[in-house]
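The sequence and the structure come first.

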Amino acid sequence: MENRYGKLASRVYHLDKPVGRSFGDIEFYQDRLKCCSGPILEPAVGNGRVYIPLLEAGFHIEGFDASDDMLDYCRSESETRNLSPTLSCQTFSEFRSTTVFDAIIMPAGSFQLVTQVDAARELLRKFYDHLVPGGRLILDIDNMKGLMETSGTMRRWQHSERELLTLTGSPPEIDYVHQTSLSILRYEHWKDGALVATEIDLFHLRWWGINELTLALKDAGFHNVSVSGDYRPGKPLTNEDLVFSFEAQRPLQTSSYVSPDQTGSDVGN
Ligand SMILES: C[S@@+](CC[C@H](N)C(=O)[O-])C[C@H]1O[C@@H](n2cnc3c(N)ncnc32)[C@H](O)[C@@H]1O
């Protein structure tokens, strides 16, 4: 029941954030990836909101996601565009691939869905191991203000004249010690005024400090870590920025991840 993106949640996501709907992120990722000629990976690819425009732009990109309902939207949207996506149903912890990638991207704050800090660090290491030397990991996190200042949600989508979808979200329970928020999301599908389906999801996120995530990336072996605010690379970060995008590179020289505990040395920038 946690971060499940089930049938109704996926339907609402696809109505609210269809393929190509950009928050400035699609253009940002396309620009950051323009020098990549090798394979790219999007973990938590979802309905293909970002993935399909990148595939259409000619990038060699593959994706995985834990939700088959989300992947079904990505598959059918690809099909209507005559695209051949490379997709698999896997969780972050299950993820394995024999491919090593030029870049791994995670837009939309999906990294924050990993709420156990050890699991998040393990995932960064796994991404490191799936990058070519010199390859880059680019991921977004939301400003923690956005997580904490939400007072609850009530939204609706008129799907057709007879059908209505609603989403009611509780105000988040905040765990300041573990830096997590938990909201109860209730999705409802109404037809001709009668409730035909309902779904509940415990939506759990972790927030990261900018410095904290920079250090975690360096601990995982990355260097050249840079952060942009609201998709404006090279501009100073501001308190108003809603999204922070991290870009980190696997060094050209090292072969595989070596724990800092084993070396006793800092990775440096
Ligand atoms: C916010 S959506 C992002 C979708 C897409 N990347 C985008 O930018 O619109 C988060 C996605 O993470 C997936 N997800 C949640 N937990 C996951 C896990 N443990 N492993 C893999 N994917 C997961 C969900 O199924 C959902 O499709």
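Buried area is the accessible area (1.4 Å probe) that two parts lose on being put together, summed over both. The model is a predicted one, in which local features need pLDDT of at least 70 and side-chain atom pairs count only at pLDDT 80 or more, while totals for chains, interfaces and linings use all residues. Residues are numbered from 1 along each chain as its sequence is written, and side-chain values use heavy atoms, with hydrogens and water left out.

**Domains**

An automatic or database domain assignment sets the bounds: domain 1 covers 7-144 + 207-263, and domain 2 covers 146-205. Their centres, taken over C-alpha atoms, are 25 Å apart. To the contact (heavy atoms within 4.5 Å), domain 1 gives 16 residues and domain 2 gives 23 residues.

Between them, domain 1 and domain 2 bury about 1,800 Å², and carbon and sulfur atoms account for 64% of this. On the domain 1 side, Leu-8, Arg-11 and Trp-207 lose the most area to domain 2, together 40% of what that side buries.

The interface of the two domains has 2 salt bridges, a salt bridge being a side-chain nitrogen of Lys or Arg within 4 Å of a carboxyl oxygen of Asp or Glu. Arg-11 also forms a salt bridge with Glu-163, at 3.4 Å from N to O. Polar contacts (pairs of N or O atoms within 3.5 Å; within protein, one must be able to donate a hydrogen and the other to accept it, and residues adjacent in sequence count only if both atoms are side-chain atoms) join 9 residue pairs between domain 1 and domain 2, both residues at pLDDT 80 or more.

**Ligand site**

The ligand is surrounded by 20 residues (a heavy atom within 4 Å), the closest being Tyr-13, Glu-42, Ala-44, Arg-49 and Asp-65. This shell consists of 11 nonpolar, 6 polar and 3 charged residues. Here Ala, Val, Leu, Ile, Met, Phe, Trp, Tyr, Cys and Pro count as nonpolar, Asp, Glu, Lys and Arg as charged, and the others, Gly among them, as polar.

| Residue | Protein atom | Ligand atom | Distance |
|---|---|---|---|
| Tyr-13 | side-chain N or O | oxygen | 2.6 Å |
| Arg-49 | polar side-chain atom | oxygen | 2.7 Å |
| Ala-44 | backbone N or O | nitrogen | 2.8 Å |

On its own the ligand has 600 Å² of accessible area (Shrake-Rupley method, 1.4 Å probe), and the protein covers 92% of it.
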